Each structure stands twice: as C-alpha cells, then as structure tokens.
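Morning, everyone. I have one chain to show you today.

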Amino acid sequence: MRSALERAAKLYLSSPKSVAPLKRVWLWKEEGNSLSPEGAPDSGIDIVGEDSYGNYYSAQVWGGLNKEKALSTKSIEGFMSKSEAEKIPGDRRIVVLFKRNLKEDCKKDLDRVGACIIDDSMMRKADLNWSPIVESL
C-alpha cells in the first residue's frame, strides 16, 4: 500500500495540475536517482523532484486510515533531518498526506522551513488518470 501512495504522489507532482509542478520526479529508491546511492536504505525521503529552475524538492508521503491520528513534529523529525543531511541542492520540502492531519506544532514547523503541504483532496481535484495505481493495489 505504501508504494502505491508514493506512486500516486509521484504522478501528482509530475502533473502540471500540481500545486508544485516538477519537471522531473523520481522515487528515492528508484533506479537512476543520482541523489541516492545504489542499495542505500530507506532514508525517510520518499520522492525527489526538480523544478524548471533546477531547484530540488524532497517529499515525504504519509498515509493512514485514521484521520484522527494527526502527525506531530516528532513524527516528521526523521524526514526533516534526513532531507537536511542529504544536502540536496536547493532543497525544498513537500509533505504529502493521504487521510492524515497535522498537529498545530507540526504545521508551524513545516511553515517555518517553507514546506509545501499537499493533501489527498488537492490530488483528487487534479483529475488525473489514477487507474494504473489503483489497479496495482
């Protein structure tokens, strides 16, 4: 299920209908990701993208069935520290939420670093062809 959510987020971020459209998008573990050494373990970064200006974005995807269980700052610490440690050039952060909410402290911390927050309602409005991802579930 997790990889399907990551593929859905990748599809959305690759789309010109995205709130943060990127010209190149790849999964962190995807072959050809020059920022992730081959065989590197899961880093807390799920997706990396590049915009038309050459700025890189790191994204973390969170999904869940319990919208009441909101993410706190502690929940995102690994992603935040890993995206800083990787020294991704011009790194900007994106948080993609599927059926999840953020606690107020988490929203403030993400806002402080200029992170873009995308939720599943934004993705549904993009009117993309989700069938290849849905069929893979």
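Start with a contact. The side chain of Asp46 reaches the backbone nitrogen of Val61 at 2.7 Å. That falls under polar contacts: a pair of N or O atoms within 3.5 Å, where, within protein, one must be able to donate a hydrogen and the other to accept it, and residues adjacent in sequence count only if both atoms are side-chain atoms.

Some ground rules. This is a predicted model, so local features need pLDDT of at least 70 and side-chain atom pairs count only at pLDDT 80 or more, while totals for chains, interfaces and linings use all residues. Residues are numbered from 1 along each chain as its sequence is written, and side-chain values use heavy atoms, with hydrogens and water left out.

What is pLDDT? The predictor's confidence in each residue, from 0 to 100. The chain's mean is 82, and 82% of its residues reach 70 or more.

Back to Asp46. It sits in the loop between strand S1 (24-27) and strand S2 (47-50). Helices (H or I, at least four residues) and strands (E, at least two) are DSSP runs, numbered from the N terminus. Is Asp46 buried or exposed? Buried, with a relative accessible area of 4%. The cut-offs: buried is under 20% relative accessible area, exposed is over 50%, partly exposed is in between, with a 1.4 Å probe and protein chains only.

Now the rings. How many aromatic pairs are there? Two. Rings of Phe, Tyr and Trp (its six-membered ring) pair if their centres lie within 6.5 Å; planes under 30 degrees apart are stacked, over 60 edge-to-face, the rest tilted. Trp26 and Tyr56 have ring centres 6.4 Å apart and planes at 80°, so this pair is edge-to-face. Trp26 is in strand S1 and Tyr56 in strand S3, 30 residues apart. Trp26 is buried at 8%, and Tyr56 is buried at 15%.

The other pair is Trp62 with Phe79, also edge-to-face: 6.2 Å centre to centre, 85° between the planes. Trp62 lies in strand S3 and Phe79 in helix H2 (residues 73-85), so the pair ties together parts 17 residues apart in sequence. Trp62 is buried at 12%. Phe79 is buried at 3%.

Last, the strands. S3 (residues 56-63) and S4 pair in the parallel sense over seven bridges. Pairing takes at least two DSSP bridges between two strands. Gly63 has Phe98 in S4 as its bridge partner. S4 (residues 92-98) is mostly covered, with six of its seven residues buried. S4 also pairs with S5 (residues 116-119), parallel, over four bridges. There, Leu97 has Asp119 as its bridge partner.
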